[in-house]
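Here is a short note to read alongside the structure. Please keep the view open as you go through the points.

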Amino acid sequence: MHDARSDVHAGKLSALDITRLQPGDILLSRIPMNLDNTSTWDSHLIQTMTRSRFSHAALYIDNGLCIEAVGSGIARLSLIKAGIRDSSNMRLLRVRKQNDGQYLSAGRKAAAYGQRYLQRGFCQSRLPCAKATAFHDVRRAAVMNSGMVASAYADAEFQLFGEKSPYDVFPGDFLQCPQLEDVTETALALLPNHTEITFCLDDCGVFERVQHWEVATQLKILCNFDVRRILDIEARRPSSFHELELLIADKRWSALDEAVNRGLMWYRYSNVYQQKLRNFLGNMELEASGIARLSSLLSQHQLASAALLVNNDIHQLETERTHWQQQLNFYDELRQKFPTAKTFVYLSALYGKLLETSVQWLKSKQQQERFYSEEARRRGFRLKTA
């Protein structure tokens, strides 16, 4: 296999081939320090304080999707259209193959628990909400993202670190775990020059992703003074936005509902979310325009590459559609518990719009895929779509 690292200096990007990944794979990454860019400092500081080569850990679920801890929240991390500038900035680890069936199923079980974290919100109850996010203590950021991955394996009854608590695990500890092996080189692929990416795993652009912004903003609302002051009345300390929402619904707590809704309005949560989504989907719109005419102008190799890229877009949109449908169902259930809560009305309307947008774009991409397939059939060959 071609070594992607030899092409770094030539300005070429590599990526992880999602067809070679397995549920439960552990992705380690870091962002090289740049003194002129303060957004790169946290990664370096985490590495220094934890004496680790890496600052971040994520758990691969399936279909190109990882999950990562952002403070005490869980964000989705799609590897589709994600590049790597220098493959030495990331490692992909996997449970070693053994004869024991427990080893063979450990990754899938851990991925299943990770999926539950995504749906219900991940938290470590012993951390006070004021200290639960990456904005207050970068060392805690390392604990949270590493602890989430280690916890998923512990919940799957597969102890990567023996009796050691998952919350004492740092990103670099995974590299020293004898039950894991490095499979980075088997999963790396060199990206063609025309490939469009939305961010790189090893640059600060990761902090601008919609999914990261979503969770980070929720945590800012959780930790703001107005919300914390009301929680102090009954000595409550929810460690995730998910727990905060359940508290509002179960107690029908109007004052807390008002405070959270003010936070959503202050951060223009709905407007910004939809704008960030439009910024991302705008690239897809450019690709879709005139596709019937353009497909006839492509060579067979170009047509095959374009079809593979649009298939990746479809997988990503299907993932987003599923997430937003789950979110919409969740807020509809909360509205049944507390019908007059402004927070749930606001968020239910938002995720309904996001779901509608994802469905529209998915239909557009599926139509684009049909154009490519029809053109390939006209020329007498079959496209590879996965």
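The points below go from the whole chain to two places in it.

1. A word on the basis first. This is a predicted model, in which local features need pLDDT of at least 70, side-chain atom pairs count only at pLDDT 80 or more, and totals for chains, interfaces and linings use all residues. Residues are numbered from 1 along each chain as its sequence is written, and side-chain values use heavy atoms, with hydrogens and water left out.

2. The protein has 13 helices and 10 strands, taken as DSSP runs (helices: H or I, at least four residues; strands: E, at least two) numbered from the N terminus. Of its 386 residues, 52% count as buried, meaning under 20% relative accessible area, while exposed means over 50% and partly exposed lies in between (1.4 Å probe, protein chains only).

3. Now look at E214, in helix α6 (residues 210–223). Is E214 buried or exposed? E214 is buried, as its relative accessible area is 4%. Beyond its neighbours within four places in sequence, E214 is in contact with R76, Y269, Y273, H323 and Y351; contact means heavy atoms within 4.5 Å.

4. For contrast, turn to L35, in the loop between β2 (26–29) and α1 (41–50). L35 is exposed, with a relative accessible area of 66%.
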